[in-house]
Amino acid sequence: MSAAVLEQMEILLVEDNAEDAEMTMRALRKRNLANHVHWVKDGEEALDYLFCSGQYVARERGRPPKLVLLDIKMPKVDGIEVLRRIKGSELNTVPVVVMTSSNEERDVIESYRLGANSYIVKPVAFDAFLETVASIGLYWVLTNRVPQ
C-alpha cells in the first residue's frame, strides 16, 4: 500500500477502557491497519477531535477519519451523543461502527436510528475480540467506499 493510501486510512478509536483500546489497536496492527489510529478516551475529546476544537483546534478540518470506532458507555459525553453530533453534521458520511459491551436493545435501536453504520457487541473471549476488530477494520477501511 502506498503512503498516500495509508495516510487516508485514519481511524478514530473512541474508547474509555484502556484494556479494550489496547486490544483493538493490537488487532488493527495485526492486519496492518493501525498506522493511523487516533485514540481518545471520552466523548468530549472525540467531539473536539472531530470538529477541530479544544486541544485539536489546529487539526485540519478537511481530513476526517475514514472510520470511527465508537463505544457507547463513556464519561463526559456518551457515545450516543457523539453519534448524534457526527451524523447531524458535515461528517455524516464518515462510517461509525458502534463497538460496545452493551447488548441492550434500546442502545441498538437508538444507534441505528441516529445513523450508525454497524453495531457490534464486543466479544468477551480475547481471540474472538481480535478477530472481530480485524474484520471490522478490513471491511470499513479497505473495502467500503465513502464519498470524497
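Which residues in α3 are buried? In this predicted model, the buried residues of α3 are G43, E45, A46, L47, Y49 and L50, where buried means under 20% relative accessible area, exposed over 50%, and partly exposed in between, with a 1.4 Å probe and protein chains only.

## Basis and confidence

The model is a predicted one, in which local features need pLDDT of at least 70 and side-chain atom pairs count only at pLDDT 80 or more, while totals for chains, interfaces and linings use all residues. Residues are numbered from 1 along each chain as its sequence is written, and side-chain values use heavy atoms, with hydrogens and water left out.

The protein averages a pLDDT of 86, and 92% of the residues score at least 70, pLDDT being the predictor's confidence in each residue, from 0 to 100. Over residues 1-8, however, the pLDDT is below 50, and beyond near neighbours in sequence this stretch has eight contacts in the model, a contact being heavy atoms within 4.5 Å. Where pLDDT is low, the predicted coordinates should not be read in detail.

Strand β4 covers residues 96-100, and because five of the five are buried, the strand is largely enclosed by the rest of the structure; helices (H or I, at least four residues) and strands (E, at least two) are DSSP runs, numbered from the N terminus. V96, V98 and T100 point one way from β4, V97 and M99 point the other way, and all are buried.

Strand β3 (residues 67-70) pairs with β4 in the parallel sense over three bridges, two strands being paired if DSSP finds at least two bridges between them, and V68 stands opposite V96 in β4. Strand β5 (residues 118-121) also pairs with β4 in the parallel sense, over four bridges, with T100 opposite V121 in β5. A right-handed β-α-β unit is made by β3, helix α4 (residues 79-87) and β4, and another right-handed β-α-β unit consists of β4, helix α5 (residues 105-113) and β5. A crossover is right-handed if, with the strands pointing away from the viewer, the path from the first strand over the helix to the second runs clockwise.

## Nonpolar cores

The largest nonpolar core has 26 residues, of which V14, L50, V68, L70 and V82 touch the most other members; such a core is a set of buried Ala, Val, Leu, Ile, Met, Phe, Trp, Tyr and Cys residues joined through side-chain atoms within 4.5 Å. The elements that give two or more residues to this core are β1 (11-14), α3 (43-50), β3, α4 and β4. A second, separate core of 20 residues includes A21, M25, L67 and V97.

Leaving aside neighbours within four places in sequence, V14 is in contact with V40, D42, A46, V68, L69, L70, D71 and M74.

C52 counts as buried because its relative accessibility is 10%.

A search of the whole structure finds one aromatic pair, formed by Y49 and Y56, which is edge-to-face at 5.1 Å centre to centre and 80° between the planes. Rings of Phe, Tyr and Trp (its six-membered ring) pair if their centres lie within 6.5 Å, and planes under 30 degrees apart count as stacked, over 60 as edge-to-face and the rest as tilted. Y49 is buried, with a relative accessible area of 5%, and Y56 is buried as well, at 12%.

K76 lies in the loop between β3 and α4 and is exposed, with a relative accessible area of 63%. The phi of K76 is positive, about 70°, although this residue is not a glycine. Leaving aside neighbours within four places in sequence, K76 is in contact with D42 and E44. K76 and E22 are 54 residues apart in sequence and 21 Å apart in space, C-alpha to C-alpha.

D20 lies in helix α2 (residues 18-30) and counts as buried, at 15% relative accessibility. Not counting residues up to four places away in sequence, D20 touches E15, K122 and F129.
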